[in-house]
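Please read each point with the coordinates open.

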Amino acid sequence: MSRPDRREHEQIRALNCVLGQLTRTDGSAQFSSGSTSLICGIYGPIEAKLYEEKIDRAHIDVKLRPAIGLPATKDKWAESAVRKTFERNILGHLHPRTLVQINLQVKENDGSVDAAAINATALALVDAGIPLRAMVAAASCAVRKDGEIVVDPVEEEIKKAMSTHTFAFSSNSPDDNPVYVDSRGSFTMDQYDRCFDLCAMTVQRILAFMRTAIEGKVAKESQISAV
Amino acid sequence: MVAEIPPSNIEAAFVLDALQKNIRVDGRGIYDYRALRISCGPAPGMVEVQLGQTRVLARVSCEVTRPAPERPTEGIVLFSCELGSMAAPGLESGGGGGPRASAQEVAVSRMIERIIRQSRAIDTEALCIMAGIKVWTMRIDLHFLDHSGNLVDAAAVATIAALRHFRRPDVTVDGETAIIHDPRDRNPVPLSIHHTPVCVSFAFLGAAGDLVVLDPSLLEEQTQAAAFTITLNAHREICALNKAGGVPLDASQIGRCMQVAVAKSDELIDAINAALGLNKS
Amino acid sequence: MTDIKVVIPGDAVDTHMEVDGQEQQVLRLGPGLSHIGDTINAVNAGVLHSSSDGSQYWVVSNKRRYVAAEGEPVVGVVVARHAEGYRVDIGSAHDALLPLLAFEGATKRNKPNLAVGTTVYARVSVANSLMDPEIECFNSNTGKAEGFGELGEGFMFKCSLGLARRLFSSKAPVLNALGSKLPFEVAVGLNGRVWINTEKPETTVLVANAIKNSEFLDAKQCRQMVNELLDKH
C-alpha cells in the first residue's frame with residue numbers, strides 16, 4: 001500500500017529551514033518538513049520573573065501556539081516535549097537566575113509536529129547562541145494497520161495508525177541513547193525496536209541537514225569578519 | 001520578565017529633530033510605505049505578510065456549527081488575535097482576548113474585527129447551510145511574529161488576503177440533509193467577499209502632533225503623540241476611521257492624510273490582488 | 001588566510017597540546033567551549049580559533065543578547081535612580097549598577113545628575129553570573145573619564161554583537177570608509193549598541209544606515225555601499 005503523498009516508507013519529506021529571520025528575538029529559526037512548518041523565536045538569557053528564578057541555573061520556558069484555535073492539550077504536550085528535551089541539553093548553569101524563553105508558532109500542522117517543534121527549537125537555540133551540550137534532532141514514525149512502518153507520517157497516516165512514535169537523539173549521546181521518547185497506541189516490542197532504529201537513522205540525516213544550515217550561516221558571518 | 005523599556009531620550013529627541021527637516025530615521029520619505037510582501041499558501045486561507053520587518057501570519061479556517069438563535073440564517077465569524085512574546089520581548093498575550101491581554105493586543109484585534117465585521121466584508125448569509133440548523137463558522141487566527149511597527153496595516157492586509165485566499169468545502173443540500181463534500185471529490189469554493197478593506201496608518205509626532213508620517217516604524221510609534229488609521233476599500237469608500245486619544249489634530253491634516261491614504265490603499269489592494277494571482281482590475 | 005574550522009554544539013574539539021615535544025600543562029578555554037566529561041566540546045556554533053602555541057582555544061560566534069564581561073565598553077540607558085547609584089539597562093539579563101561616584105572627578109557634593117532615559121558610555125567593572133553587573137564611567141585606576149560618560153545629542157541604534165565587535169576594531173571597513181568622506185563621532189558598545197553624532201540629522205541617518213547595512217558586507221562591498229549612499233545624499 002502506498003502512502004498518501006507517494007513517498008517511500010523510509011523517506012522523509014523535503015526539509016527546509018531559515019535561521020535568524022525574526023528581528024526582535026535573540027535567535028529564531030523556521031523549520032519545515034513538507035507542509036508541516038513551525039517558527040521558533042528565542043530570548044535568552046534574559047531576566048527571569050522572581051517566582052521563576054532559579055539560583056543555580058537558567059529557567060526554561062516554552063510556549064507553543066497552534067496555527068488554528070486556542071492552545072489545547074496536544075499543544076501543552078508538545079510544549080512539555082520541547083522543555084523536557086532541552087532542559088538538560090541547555091547548559092543552564094552558565095547563566096543562573098536568568099530565563100531562556102522559547103516561543104513556538106505552528107504555521108501548518110500536517111503530522112509529526114512534535115518532532116518538527118524540537119528541530120525548530122534546536123536550530124533557534126543555536127542561532128540565539130544559547131550554550132548547548134550537543135545538537136538535538138527528532139523524528140517520528142507510525143505503525144500502520146498492515147504492520148508497515150512509515151517515517152515522518154502526515155496527519156492522515158497518524159489518524160489511521162495503530163501506534164505513533166517520536167524519538168529525539170543528541171549528536172553525541174553514547175550508544176544512540178535517545179533523549180526523548182513518546183510512543184502512543186498499541187504495539188509490539190519488535191515494532192518498537194524497528195521504529196527506534198528507523199528514527200535513529202532519520203535523525204542522523206536531519207542532524208546532517210542542520211549542520212549544513214548552521215555552517216552556512218557561520219560561514220556567511222565569518223567570511224566578513226575575517227577581512 | 002520586564003516589559004520593554006521605552007526609547008532613550010536621545011533617540012526620541014533625534015526622531016523629532018530629524019523629522020523637523022522631513023528626515024526619517026530609516027531613510028524613508030514621510031509618505032513612504034515600507035516594502036510589503038504577501039505570501040499565500042500552501043494551505044488555503046494561510047497568508048503571511050511582511051511589512052518591512054513586521055511579520056503577521058493569518059490563518060482562516062471553518063467548521064459547521066449551529067447558528068446563533070437570534071440570527072438563524074447567518075454564519076458566524078470569530079476572530080482571535082495573538083500578540084505575544086514571539087513578536088516582541090516582554091509582551092504577553094491574553095490568548096485570544098483573555099483577561100491578561102495587553103492594551104495593544106486588544107486595540108489591534110478590535111480594529112481588525114471592526115473593519116472586517118462591521119464593514120460587512122464577509123457575506124455572512126452566504127455561510128448559511130440550513131437556516132436555524134447548520135451554518136459555517138469562520139475562524140480567523142492572527143499571529144504576530146515580529147513587531148517592528150504598524151501592526152494594524154499588516155494585519156489588515158493579511159486578514160483580507162487570507163479570507164480571499166480561503167476555500168471552504170462545497171455543500172449540497174438535499175431536503176433535510178446537507179452533504180459536505182470532501183475537497184478531493186469536489187473543488188472547494190471561495191467565500192463570498194463583498195469588498196477588500198485595507199488600513200493606512202499615520203503617526204503624528206511632536207508636542208502638537210504637527211509632524212506626520214505614513215506607516216510608522218516601531219521607534220516612531222513609541223514616540224508618537226497621536227495615531228490615525230484610515231480604512232478604505234477598492235471603491236475608495238471609507239470603512240472606518242480611528243483616532244483613539246492622543247493630542248488633538250488639525251482638521252486640515254486629516255484631509256491631507258485622506259488623499260495619501262486613497263493612493264496608498266490602491267497600491268495595497270493591487271499588491272493583494274497580485275499575491276492572489278489576479279490581474280489588476 | 002588559514003582554513004576556517006566551523007564547529008557546532010556537541011562537536012568534540014581536538015586540542016593538541018604539544019609544543020616543541022613538550023606537553024602543555026595548562027589549556028585555556030575561551031567562550032563557546034566547555035569541558036564536558038572527558039572531552040572538550042563546542043557549546044556554540046561559530047569559528048574555532050586557537051593561539052599559535054595551542055594553549056588557548058575559543059569560538060567566535062554571533063549573538064544578539066549581551067552577557068556582561070569585565071572590561072568591555074557598553075552603551076546603556078538609565079532606567080532608575082537609587083540612593084546608591086543608577087540602574088542602567090545594558091541589554092543583558094540583569095540591569096547594571098552605576099554607582100553615583102563612578103564618574104571622573106565626582107565627589108559626594110559634586111556629582112553628575114542623570115535623568116531616567118539618559119544614555120551613557122561605560123565600562124563593565126564587575127561581571128559574573130551570580131551578581132548583577134556593575135559599570136563605571138571612568139577608569140578607576142587613573143580617575144580619568146577616558147571617553148566614558150553621558151552621551152549627549154546624537155542617535156543610538158542596536159546591532160548584532162558580532163557587528164559591534166567588528167566596529168570596535170580600528171580596522172572596521174565601514175567606519176574607515178565613512179570616516180574618509182565625512183566627520184562623525186561614534187561610541188561602540190560591545191553590547192550591540194552604537195551611538196553616533198554628526199552635524200546634521202541627515203548625515204546621522206546616513207551613517208546609522210551605512211553601519212547597519214554593513215552586517216554582511218566585506219571591506220570592498222562596504223566602500224561601494226558607502227559611496228552609493230553618499231551619491232544619493
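1. Helix α5 of chain B, in this predicted model, has the following buried residues: Cys257(B), Ala261(B), Lys264(B), Ser265(B), Leu268(B), Ile269(B), Ile272(B) and Ala275(B). A residue is called buried if 20 or more other C-beta atoms lie within 10 Å of its own, exposed if 12 or fewer, and partly exposed in between, with C-beta atoms placed from the backbone. An α-helix has 3.6 residues a turn, so residues three or four places apart point the same way. The cover over the buried residues of α5(B) includes β1 (36-40), α3 (151-165), β11 (198-205), β12 (211-214) and β13 (226-232) of chain B. Helices (H or I, at least four residues) and strands (E, at least two) are DSSP runs, numbered from the N terminus.

2. The length of this helix can be checked: its 25 residues (251-275) should span 36 Å at 1.5 Å a residue, and the end C-alpha atoms are 36 Å apart, which agrees. The expected span is 1.5 Å times one less than the number of residues. Just after α5(B), Gly277(B) takes a positive phi of about 80 degrees.

3. On conventions, residues are numbered from 1 along each chain as its sequence is written, while chains are lettered from A and ligands numbered from 1 in the order in which they are written. As the model is predicted, local features need pLDDT of at least 70 and side-chain atom pairs count only at pLDDT 80 or more, whereas totals for chains, interfaces and linings use all residues.

4. Chain B as a whole has five helices and 14 strands, and its C-alpha trace spans about 70 × 45 × 35 Å along the principal axes. A compact globule of 281 residues would have a radius of gyration near 19 Å, and the 20 Å of chain B agrees with that; the radius is taken over C-alpha atoms, and the globule rule is 2.2 Å times the number of residues to the power 0.38. Buried residues make up 44% of the 281 residues in chain B. Of the contacts in chain B with a separation of 6 or more, 68% are between residues 24 or more positions apart, two residues being in contact if their C-beta atoms, placed from the backbone, lie within 7 Å.

5. Strand β13(B), part of the cover over α5(B), runs antiparallel to β14 (residues 238-242) of chain B and is joined to it by four bridges; strands pair if DSSP finds at least two bridges between them. Thr231(B) stands opposite Ala240(B) in β14(B). The hairpin of these two strands has five residues between them, and in it Arg236(B) takes a positive phi near 60 degrees.

6. Leaving aside neighbours within four places in sequence, Thr223(B) is in contact with Pro7(B), Ala12(B), Val15(B) and Leu205(B). The C-alpha atoms of Thr223(B) and Leu205(B), 18 residues apart along the chain, are separated by 6.8 Å.

7. The largest nonpolar core has 203 residues, and those with the most contacts inside it are Ala117(A), Ala120(A), Leu123(A), Ala137(A), Val56(B), Val157(B) and Ala158(B). The largest share of this core, twelve residues, comes from helix α2 (residues 113-128) of chain A. Such a core is a set of buried Ala, Val, Leu, Ile, Met, Phe, Trp, Tyr and Cys residues joined through C-beta atoms within 7 Å. Leu123(A) touches Cys17(A), Leu19(A), Ala29(A), Phe31(A), Met210(A) and Ala213(A), not counting residues up to four places away in sequence.

8. Two backbone features deserve a look in the coordinates. A cis peptide bond joins Gly44(A) and Pro45(A), with omega about -5 degrees, and Pro45(A) is found in strand β3 of chain A. The peptide bond from Gly41(B) to Pro42(B) is also cis, with omega near 5 degrees, and Pro42(B) is placed in the loop between β1 and β2 (46-51) of chain B.

9. Positive phi values also occur at two arginines of chain A. Arg6(A), in the segment before β1 (15-19), has a phi of about 60 degrees and is exposed, with 7 other C-beta atoms within 10 Å. Arg97(A), in the loop between α1 (73-87) and β5 (98-108), has a phi near 65 degrees and counts as buried, with 21 C-beta neighbours inside 10 Å.
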